[in-house]
Amino acid sequence: MTFAIQFLIDVLSLGGAYALMALGLVVVFGILRLVNFAYGELIMVAGYTMFLVSGSGLPWLVMAAVAVVMAILASIATDYVAFRPVRAKSVTAVLITSFAFSTLLQNAALLFISPRPRTVPLPDMFSQVVVIGGVITPMRNLITIAAAVILLGLFALLMRRTVLGIAMRAAATNFTMARMLGVPSNVIISAAFAISGLLAGVVGLLWIGRIGTVVPGIGLGPLLIAFIATVIGGMRSLSGAVIGGFLLAFIDTSLNYTLPQDLLKFRDAFTFSLVILILLWRPEGLIKGPATGQRT
Amino acid sequence: MLEVTDLEVRYGAIRAVRGISLSVAKGELVALIGANGAGKSSTLMCIAGALNAAAGSVRLAGEDVTSATPEKMVRKGVATVPETRDVFPDLTVSENLRLGSYIRRHDTAGIAQDQEHMFGLFPVLAERAAQPAGTLSGGEQQMLVIARAMMSRPTVLLLDEPSLGLAPVIVDQIFAMIAELKASGLTILLVEQNVAKALLVADRAYVMRLGTVSTSGTAAEISANTDLSALYLGG
């Protein structure tokens with residue numbers, strides 16, 4: 001029983017973080033049909049913002065809010081710098097500009113801050129542990145689960161209940177038709193990037209909360225996770241991305257528990273083998289996205 | 001109301017529309033007819049702002065809107081129903097309609113009233129309000145896209161092939177609907193392959209051939225003087 005609870009908390013907290021990462025990537029991909037390779041750097045931006053404001057003496061929640069806002073601004077800036085100028089002209093160009101923007105941000109961090117890890121302020125809560133049903137678990141796991149539940153709930157509400165959300169879902173299916181109903185393309189795209197930045201910012205805080213430090217390359221792991229989860233989930237489906245995130249976390253956690261000690265450092269090899277098997281079984285991912293696929 | 005002058009549309013090196021001029025007066029229903037590939041839809045999509053004009057101009061109530069974006073055209077009162085019958089399949093019928101009223105999304109009372117009005121005109125949509133639009137039949141989807149376009153309260157409606165691929169009885173319903181919309185004062189530019197039906201509801205018509213206007217006149221003149229079967233064959 002205690003094992004089951006332990007396992008469940010591990011899967012849900014890791015899965016919550018993975019699901020938020022994947023959702024942040026797919027919300028832009030769904031509309032633009034383009035992977036934002038600078039997505040991981042949004043997490044880096046959130047981390048370094050925390051580091052830079054750490055001396056300010058502000059309450060932690062205020063600093064966290066500033067970090068999330070910076071991630072949102074960086075995300076919208078990605079659109080203006082890397083996507084908007086070349087979006088209509090060439091897919092290849094956008095792939096390269098988003099890579100370039102990613103490298104640019106990383107190198108800016110290397111140059112102006114440091115290649116060495118920088119400590120990020122964390123509230124005491126993050127290092128506390130609680131006992132649930134006889135299981136000792138870090139508080140930050142529960143915070144991650146709560147953050148995932150709240151953000152996924154808010155996101156679902158936005159997409160189902162508000163006209164902006166409905167317009168975003170429509171734009172993901174058929175962008176031109178949405179525009180012919182008066183939905184302004186730039187508003188929708190900026191909204192998608194802002195949501196992407198919000199999710200990356202929050203997930204960045206939770207992710208960095210596990211290690212307590214930020215390095216320039218911190219975004220690579222989350223970008224890869226988000227990308228894999230999205231591919232498993234079906235690339236174009238929002239719910240697919242969330243399911244993909246949880247499934248990937250389930251695989252990772254199961255391997256953590258079952259692999260013998262000396263194989264554990266090769267865990268990712270096992271994870272990716274399973275991902276390949278899933279894709280051989282379901283090449284389009286678990287959930288099929290909207291039927292049509294016109295790019296803007 | 002709508003004035004198109006020497007309009008040209010290109011797809012790369014291909015000139016799909018080669019300098020076409022036409023006009024639609026306020027409250028008029030003008031049909032644009034012709035064979036497949038004559039450039040009718042390209043003309044319509046270019047007016048709607050979804051395609052860029054290579055040359056020529058589009059004027060709406062005297063204002064130059066040649067390079068306006070699709071979303072801007074809607075705000076100027078031009079609603080478009082493309083031939084691809086693009087319902088958003090994953091969205092419910094009411095969500096589709098709600099999106100049609102995007103440009104006046106803060107007018108909650110007006111939107112509710114218009115939605116009731118549309119449900120009155122198309123009772124089948126009311127029955128299926130909570131269903132994903134992708135589950136509707138072709139005829140129902142056509143009704144939905146017309147109703148959705150009307151939700152923006154347009155002054156000009158661009159209709160592309162509303163009868164395409166529909167059963168004759170449904171086609172009759174759609175055309176009765178179009179006649180009703182015209183009677184309500186709406187200005188309509190109708191692209192149709194069903195020439196006989198189009199000429200029955202239209203005031204005037206332009207016949208397109210290979211990207212240009214080959215004939216134009218009142219619907220009666222066109223019916224009397226044009227070999228309609230040749231139109232289908234592209235002659």
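In chain B of this predicted model, residues 24 or more positions apart account for 66% of the contacts with a separation of 6 or more. The secondary structure of this chain comes to 10 helices and 10 strands, and 47% of its 235 residues count as buried. Taken along the principal axes, the C-alpha atoms of chain B fill a box of roughly 45 × 35 × 35 Å. The radius of gyration of chain B is 17 Å, which agrees with the value near 18 Å that a compact globule of 235 residues would have.

Chain A was described in the same terms. Among its contacts between residues at least 6 apart in sequence, 77% join residues at least 24 apart. Chain A has 11 helices and 4 strands, and of its 296 residues, 48% count as buried. The C-alpha trace of chain A spans about 60 × 50 × 35 Å along its principal axes, while its radius of gyration, 19 Å, agrees with the value near 19 Å that would be found for a compact globule with 296 residues.

Within chain A, helix H3, which covers residues 60-83, packs with helix H8, which covers residues 185-211, at an angle of about 140°, and the axes of the two helices are 7 Å apart. Because angles over 145 degrees would count as roughly antiparallel, the angle found here makes H3(A) oblique to H8(A). The crossing of these two helices, H3(A) and H8(A), is right-handed. On the side of H3(A), the residues that make the contact include Ala64(A), Ala67(A), Val68(A), Ala71(A) and Ile72(A), and on the side of H8(A) they include Phe193(A), Ala194(A), Gly197(A), Leu198(A) and Gly201(A). When the residues in this contact of H3(A) with H8(A) are divided by class, 14 are nonpolar, 7 are polar and 1 is charged.

The two chains also touch each other, in a contact that takes 18 residues from chain A and 24 residues from chain B. On the side of chain A that touches chain B, the elements that give two or more residues are helix H6 (163-173) and helix H7 (175-179) of chain A. Of these elements, H6(A) gives the most to this side, with 6 residues. The residues with which chain A touches chain B divide into 11 nonpolar, 5 polar and 2 charged.

Note on methods:
Residues numbered from 1 in each chain as written. Chains lettered and ligands numbered in written order. Predicted model: local features only at pLDDT ≥ 70, side-chain atom pairs only at ≥ 80, totals over all residues. Contact = placed C-beta atoms within 7 Å. Nonpolar A, V, L, I, M, F, W, Y, C, P; charged D, E, K, R; others polar. Axes fitted to C-alpha atoms, helices over the stretch in contact; angles between N-to-C directions. Parallel < 35°, antiparallel > 145°, perpendicular 65-115°, else oblique. Left-handed = near helix turned anticlockwise from the far one by under 90°. Rg over C-alpha atoms; globule rule 2.2 N^0.38 Å. Buried ≥ 20, exposed ≤ 12 C-beta atoms within 10 Å, placed from the backbone.
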